[in-house]
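Open the structure in your viewer and keep the selection tool at hand. Each stop below says what to select and what is there.

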Amino acid sequence: MRFPGYLYLFARNSTTRKVLIAIFCTALLALLIQLGVGVSAQLPVRSDTLKPFEDIPAQAEQVETGIFAMNLYNLDTSSNTYYADFYIWFKWKGDIDPTANLEYTNGVEDWGAISTPAYEEPEKMPDGRFYQVLRVEGRFAQPFALSRYPIDQQNLRILIENSVYTANQLAYVADKEQSGYSSDLSIPGWKIQGFDLSNLVREYTSNFGDTRLGETAEYSSMQYSLTVSRPISFFVWKLLLPLIIVVVTSWGALLLNPKHVDSRIILPVTALLTTVFLQQSYSSTLPDVGYLVLLDKIYAIAYVLIIVSILEAIVTADRIKDEKLEEIAQVVRLDRMILVIQTAALVVGVGLLLLLP
């Protein structure tokens, strides 16, 4: 007997039908609970030690610093890393050379990073300040916030800090006017929205064993942040459209003659399996996160709609077993009503998810 034939027998058998309905209702409830948990989930605070550095100590050596990005590539959300190629320069007065103990606090694989100074020794400027510029290429860590995937916006950061001198001795001052990024800079699959350069101070809750620092230690930091976002076309054409096609296909069961019980069940069941495979295909490109991303919530809506179509086919199978015209007409009217409700639920549900923060 063919697979649809088994489904047909299940639909005819009252006890089996009740068991199936109970299973589907339990699965539906689990999906709704998980969807609600995902909506209320918040991203954890990644760093509460960084704060704006507004009151620079008068005794600190002030180092005017800027960054100009040339290339960004291999942006990998699954490993939370990307590669950057940029220029960074320093202008200062004083005995402390800010390039000597420079540290990229979110750098990854320092052994593979390249930092090439433009001058063997810092240049003396007409205003008496020293000047040095470095060409840096390396891999950087970026904890991506994916709650709005695939219409998410990311800030690709480069954080610098001096590993020896505290904020009372050395302070970075952002050269925002000259910083920026190359007009040739492009990141496949992303749009560049802009950049920001800010002075920060990092307060460590440890003195790293140096009792001269007291109970805590503060170090001046500077953050270069390039804001990028995914194009809306990626979401609409590559992710949302295939899902909508699958859901609409499952609705075909509600347009069939109620007498075709096997076909009315097999259509949404096939759509359900296809939806699972579609979700797995995009989930494999994302890191393991403890919350639902936006696309997961849209898929949860799709699962609910498809399960409703399956339940409708199962529940109405017994009503048309005697093939009475009146019963068939009632099932057809119920099918049309459910189809209208499902269409409205899909449009409103997806719309609200896109509009809500």
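Start with helices α5 and α6, which are roughly antiparallel to each other (an angle over 145 degrees, where under 35 would be roughly parallel, 65 to 115 roughly perpendicular and the rest oblique). Select residues 294-317 for α5 and residues 325-355 for α6. Their axes come within 10 Å and cross at roughly 175°. Axes here are lines fitted to C-alpha atoms, for helices over the stretch in contact, and angles run from 0 to 180 degrees between N-to-C directions. Helices (H or I, at least four residues) and strands (E, at least two) are DSSP runs, numbered from the N terminus.

This is a predicted model, in which local features need pLDDT of at least 70, side-chain atom pairs count only at pLDDT 80 or more, and totals for chains, interfaces and linings use all residues. Residues are numbered from 1 along each chain as its sequence is written, and side-chain values use heavy atoms, with hydrogens and water left out.

Next, show the side chains where the two helices meet. On α5, pick residues including Leu-294, Ile-298, Ile-301, Leu-305 and Val-308. On α6, their partners include Val-331, Leu-334, Ile-338, Leu-346 and Leu-353. Contact means heavy atoms within 4.5 Å. The residues of this contact divide into 13 nonpolar, four polar and three charged (Ala, Val, Leu, Ile, Met, Phe, Trp, Tyr, Cys and Pro are nonpolar; Asp, Glu, Lys and Arg are charged; the others, Gly among them, are polar).

Move to α6. It has 31 residues and reaches 45 Å, close to the expected 45 Å. Color its buried residues, among them Ile-328, Asp-335, Leu-339 and Gln-342. The buried residues of α6 pack against α3 (232-251), α4 (261-283) and α5.

Then jump to strand β2 (residues 61-76) and select Thr-65. Is Thr-65 buried or exposed? At 0% relative accessibility, Thr-65 counts as buried. Its side chain reaches the backbone oxygen of Val-63 at 3.2 Å. Not counting residues up to four places away in sequence, Thr-65 touches residues including Trp-89, Phe-90, Tyr-172 and Met-222.

Finally, zoom out. The protein chain has six helices and 13 strands. Of its 357 residues, 42% count as buried.

Note on methods. Buried < 20%, exposed > 50% of the residue type's maximum accessible area, 1.4 Å probe, protein only. Polar contact = N/O pair within 3.5 Å; in protein donor to acceptor, adjacent residues only side chain to side chain. Expected span 1.5 Å × (residues − 1).
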